[in-house]
Amino acid sequence: MASSSLRTIDIAVNFTDGMFKGVYNGKNYHAGDVSNVLKRAWAAGVERIIVTGGSLEESKAALEIAETDGRLFCTVGVHPTRCKEFDESGDAEKHFQAIASLAKGGVEKGKVVAIGECGLDYDRLQFCPAEVQKKYFEKQFELAQTFGLPMFLHMRAAAGDFCDILARNKSKFSMGVAHSFTGTEEDRDRLLTFDGLFIGVNGCSLKTIQNLDVVRGIPVERMMIETDSPYCEIKNTHAGIHFVKSKWPSTKKEKYNEDTTVKGRNEPCFVRQVLEVVAGCKNIGDIDQLSRVIYYNTCRCRGRRLHLLKGTVASTFSIVLHPPLLSA
């Protein structure tokens, strides 16, 4: 079990997923355990968590969860694979306005910190056609513009169309993050041409030697870290596993123990492992310094609404701009 003075923010946690209710592949194995998951996260130095919304109903649930703890925040938006919900609602504009109303209420409560998860996913066109995805991806930039929020973005096998839509709508948002990035070096470099756009890294970003090469080329001042739990854990078969130093005891779901993690289920405390792999593959020895830079990146993108302790960002500003690390 790892505890540390390291300060991290997990920008992507799917607390609305059934696994955090104890349901795996439709079968219930244990009671919901978000409170225990959070205890492990706070003990591991996670200071803020952003709960992901991927549909109207999921965004409602994400906001409800975010309201249970001052350290929890959320996104509001529609995932590309679920964009058919606009037309299937029977009134796409009314559905959009319902999402806008939810975002407005969440912003007023200080809980909604980004619009998304939205974007393009051409790996899963069986769930939603490309044209529908593109239409409603573009539509959601209106929410970012209306509420002055960053974009929480999803891109899978769609870099060309994704970047074209981003370019057309750049005036509607100032910052955002392409989360759970698994693209190529060319995809990475194209994303980095957009000022104010960060790249989110998790276990799915660190599977292969090629993935590590891509991550190595992401400047740390343009990076955020995440778990995307309960998915995207760093597995023993992943190329970056030898950089992982922090471990937690785990138990199979069939023998659930509230004091351990569930084997095969990712959770926010493991964001530290992502940080360790990033440090290892980029040959950065000072992981505390790295954590401060990435922490600051997230504050800079979402800091207006993260309610961080006064003086925290300002006091670390001179530290995080340490040139040797930023050039790593």
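Guide: The torsion about the S-S bond of cysteine 204 and cysteine 232 is about -90°, so the disulfide is left-handed. Cysteine 204 lies in the loop between S9 and helix H8 (209–216), while cysteine 232 sits in the loop between strand S10 (223–225) and strand S11 (250–251), so the pair ties together parts that are 28 residues apart in sequence; here helices (H or I, at least four residues) and strands (E, at least two) are DSSP runs, numbered from the N terminus. This is a predicted model, in which local features need pLDDT of at least 70 and side-chain atom pairs count only at pLDDT 80 or more, whereas totals for chains, interfaces and linings use all residues. Residues are numbered from 1 along each chain as its sequence is written, and side-chain values use heavy atoms, with hydrogens and water left out.

The S to S distance between cysteine 204 and cysteine 232 is 2.5 Å, and the count comes to one disulfide when a disulfide is taken as a pair of cysteine sulfur atoms within 2.5 Å. Both cysteine 204 and cysteine 232 are buried, where buried means under 20% relative accessible area, exposed over 50%, and partly exposed in between (1.4 Å probe, protein chains only). Cysteine 74, by contrast, is in no disulfide, the nearest cysteine sulfur being that of cysteine 118, 14 Å away; cysteine 74 is buried, with a relative accessible area of 0%. For cysteine 269, the closest cysteine sulfur is in cysteine 232, at 15 Å, too far for a bond, and cysteine 269 also counts as buried, at 0% relative accessibility.
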